[in-house]
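Here's a quick tour of one stretch of a protein fold. Have the viewer open while you read.

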Amino acid sequence: MSSIVVTGRVPQEAVGLLRGAGHEVRVWEHDEPVARDELLGLVAGADALVTLVTERVDTGLLDAAGPGLRVVANVAVGYDNIDVAACAGRGVVVTNTPGVLEEATADLAMALVLMTTRRLGEAERLVRSGQAWQWGMGLLLGRGLQGRTLGVVGLGGIGTATARRARAFGMTIVYSGRRDAPAEIVEELGARRVELPELLEAGDVVTLHLPYGPATHHLVGADELALLGATSYLVNTARGPVVDETALVAALRDGTIAGAGLDVYENEPQVHPGLLELDNVVLLPHVGSATIETRTGMARLAARNVLAVLAGEGPVTPVGDV
């Protein structure tokens, strides 16, 4: 019997899979994230960890877990909260949950595209405010999507799913990334690959779908926002630090860009106070994968990864080299 620690609340179906395999499972059952000192105590002696994006898996946590730790299963696609190199140095397998959240996150990205371009956040706040309003030709005019261009930064699974939705709205697709997208995807979407500066200049809406790391820190800053232009919009459902929030606040306030839709933040869960003051930005609390089906699928995949490694098999969805 192995000891498995789940560092936050996950769907009970996943916990049941772990316990059903005969392992001891300890779960942080509170709504709020576990405090760092409590986390270090919680993981002591663990053979496996199921982690959420709110927990930092670094050398301190690995030391606290001890030499018996064999696998860290992150319930997310992104794994910037995990020191993968430190884990690899100790022979600890790191896994993530790709695939299962692509459609839900693409739905959310497309919702942000619509909310920003049609000013739906402003419209809802107006109705809820109780202020008098009346239909008129100039009331909360937004911009249509038909015939516009969507710039997709990172045409992976989520980026592709978002582009499919945009095509259904009559948008043209351009994309940038580290490598060419598969030929069949490019053909299906009628997409054209360009470098990031050209994408920013061409995109009426630019949506970010790339991992966070040193190479993508503040990938979108003041210069990039200036290329985007005064009639264009930025959507970010990837990771907050990909965007320089201070530069974004200035661009939104000055009219350098028309608007933005954000589901992630640079210092999450804190939000830049300047963003809270602006009407031309939609702010959501990191709910890209927040459907019952998707979160259950993510947790199940993390559990399957843990069980596979503890059974001496290869992980289902490994990250990095071990």
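What follows looks at a strand, its partners and a helix residue.

This is a predicted model, where local features need pLDDT of at least 70, side-chain atom pairs count only at pLDDT 80 or more, and totals for chains, interfaces and linings use all residues. Residues are numbered from 1 along each chain as its sequence is written, and side-chain values use heavy atoms, with hydrogens and water left out.

Let's start with strand S7, residues 172-176. Helices (H or I, at least four residues) and strands (E, at least two) are DSSP runs, numbered from the N terminus. Four of the five residues in S7 are buried, so the rest of the structure largely encloses this strand. Buried here means under 20% relative accessible area, with a 1.4 Å probe and protein chains only.

| Partner of S7 | Bridges | Direction | Residues standing opposite |
|---|---|---|---|
| S6 (residues 149-153) | five bridges | parallel | Leu 150 and Ile 173 |
| S8 (residues 192-193) | two bridges | parallel | Val 174 and Arg 192 |

How does the chain get from S7 to S8? It crosses through helix H8 (residues 183-189), in a right-handed β-α-β crossover. Right-handed means that, with the strands pointing away from the viewer, the path from the first strand over the helix to the second runs clockwise.

Next, Thr 162, which sits in helix H7. Is Thr 162 buried or exposed? With 0% relative accessibility, Thr 162 counts as buried. Leaving aside residues up to four places away in sequence, Thr 162 touches Ala 106, Ala 109, Met 110, Leu 150, Thr 207 and His 209; contact means heavy atoms within 4.5 Å.

Terms used: Buried means under 20% relative accessible area, exposed over 50%, partly exposed in between (1.4 Å probe, protein chains only). Two strands pair if DSSP finds at least two bridges between them.
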